[in-house]
Amino acid sequence: MEDTTKLTGMVFNVERYRIHDGSGIRTSLFLKGCDMACPWCSNPESQRSEKELGVHRNLCKNCGACIGACPQQAVSRAADGTVTTDRALCAACGACVHICPHEAREIYGEIMTVGEVMDGLKKDMAFFMRSGGGVTVSGGEPALQADFVRAVMRECKSECMDTALETCGLANWDAMWKCCEYCDEILFDVKTLVPVQFSRLTAGGIDTRLKALEVVKNNIRALRARDKTVIFRCVIVPGFNDDAAHIKRTADFAEETGVRQIDLLPFHQYGKHKYASLRMDYTLKDVAALPEELLEPFQKQIEQRGLTCTVGG
Ligand code: SF4
Ligand code: SF4
């Protein structure tokens, strides 16, 4: 087997003991980089491919320790006494993170080799064995780092670990298949299959946007044609896709492709503080989290089609 353990990827989180990213207890590997920028994204630090600095203003005491630590002179004290960071100068070196006594700074993103990832995952093998769990690769969009994902998945399978991928499917087939070849279960993040809704999530002219939706659908068709297990996961967002048309299209497409399960996830605001730490605009800040009970009619609509539907997670 070709040695790919030195291959590197940009990882922004490794989370253990997760129970909603596939069967059993799982360790999830979150990769940076995504071509979409969904307004409800709960991991905005996943969107850019490169490392970046997060500053938690609510924790900062304006002590100034980070000013002298910065080799780029990116940190300074403003006239009102607050300490500010010029992101245009910041090289995400992390020097200010280590010196801050109040944990007000963090670097999102770390380059890891496949070997380093596997060393961590092997420590969780006992939990995987006992619970029927395994490893889930998520993002961002993992397909943007397809060679790295393929190598991690292949190493996991050689260790007899269960593997799952969480993807939005907006990738060319070559990258998609690299991610899925050694994958047991694909959690397909279906934003919406209603063209007018989908076109609000992608850049470019209308033709480009509609082509993007076809790319996603064709990837699902191709995965199912190869007998891959696919589960649809739909975040239901008020004012975007909280309607019967979205549910109907998704259930129709599940039937067409032989997908047997749709998971509905209510919109929440868990990622709000991370937008602030990156000085990104959180356009849904005034949209209330959706109670799970409000998804019950959609759940019934799906179950009436003979499909399995879960809510929450
Ligand atoms: S991460 Fe490095 S370059 Fe950026 S502000 Fe901190 S010390 Fe300066
Ligand atoms: S070292 Fe930390 S607490 Fe002090 S000014 Fe910098 S970010 Fe704020």
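First, the ground rules. Because the model is predicted, local features need pLDDT of at least 70 and side-chain atom pairs count only at pLDDT 80 or more, while totals for chains, interfaces and linings use all residues. Residues are numbered from 1 along each chain as its sequence is written, chains are lettered from A and ligands numbered from 1 in the order in which they are written, and side-chain values use heavy atoms, with hydrogens and water left out.

Let's start with the ligands. Which residues come closest to ligand 1? They are Cys70, Cys90, Ala91, Cys93 and Cys96, out of 13 that surround it. Near here means a heavy atom within 4 Å. By class, that shell has 10 nonpolar, 3 polar and no charged residues. Nonpolar covers Ala, Val, Leu, Ile, Met, Phe, Trp, Tyr, Cys and Pro; charged covers Asp, Glu, Lys and Arg; the others, Gly among them, are polar.

Ligand 2 also has 13 residues around it. Cys60, Cys63, Cys66, Cys100 and Arg105 come nearest. This shell has 8 nonpolar, 3 polar and 2 charged residues.

Now the cysteines. How many disulfides does the model have? The count is 0. The rule asks for a pair of cysteine sulfur atoms within 2.5 Å. Take Cys179: the nearest cysteine sulfur belongs to Cys180, and it is 6.1 Å away. Is Cys179 buried or exposed? It is buried, with a relative accessible area of 1%. Buried means under 20% relative accessible area, exposed over 50%, and partly exposed in between, with a 1.4 Å probe and protein chains only. Cys100 counts as buried too, at 17%.

On to strand S2, residues 26-31. Strands (E, at least two residues) and helices (H or I, at least four) are DSSP runs, numbered from the N terminus. Why call S2 largely enclosed by the rest of the structure? Because 6 of its 6 residues are buried. In a regular strand the side chains alternate between the two faces of the sheet. Here, Arg26, Ser28 and Phe30 point one way, and Thr27, Leu29 and Leu31 the other.

S2 has partners. Strands pair if DSSP finds at least two bridges between them. Strand S1, residues 8-18, runs antiparallel to S2, with 5 bridges. Strand S8, residues 134-138, runs parallel to S2, also with 5 bridges. Ser28 bridges to Glu15 and to Thr136 in S8.

The peptide bond from Gly139 to Gly140 is cis, with omega near 10 degrees.

Helix H5 spans residues 146-158. Its 13 residues reach 18 Å from first C-alpha to last, close to the 18 Å expected. The expected span is 1.5 Å times one less than the number of residues. Buried residues of H5 include Phe148, Val149 and Met153. Just after H5, Cys160 takes a positive phi of about 60 degrees. Cys160 is exposed, at 65% relative accessibility.

Last, helix H8, residues 206-225. Its 20 residues reach 29 Å, close to the 28 Å expected. Among its buried residues are Leu213, Val216 and Ile220. What do the buried residues of H8 pack against? Helices H6, H7 and H9, and strands S10 and S11. Contact means heavy atoms within 4.5 Å. Asp227 follows H8, with a positive phi near 65 degrees.
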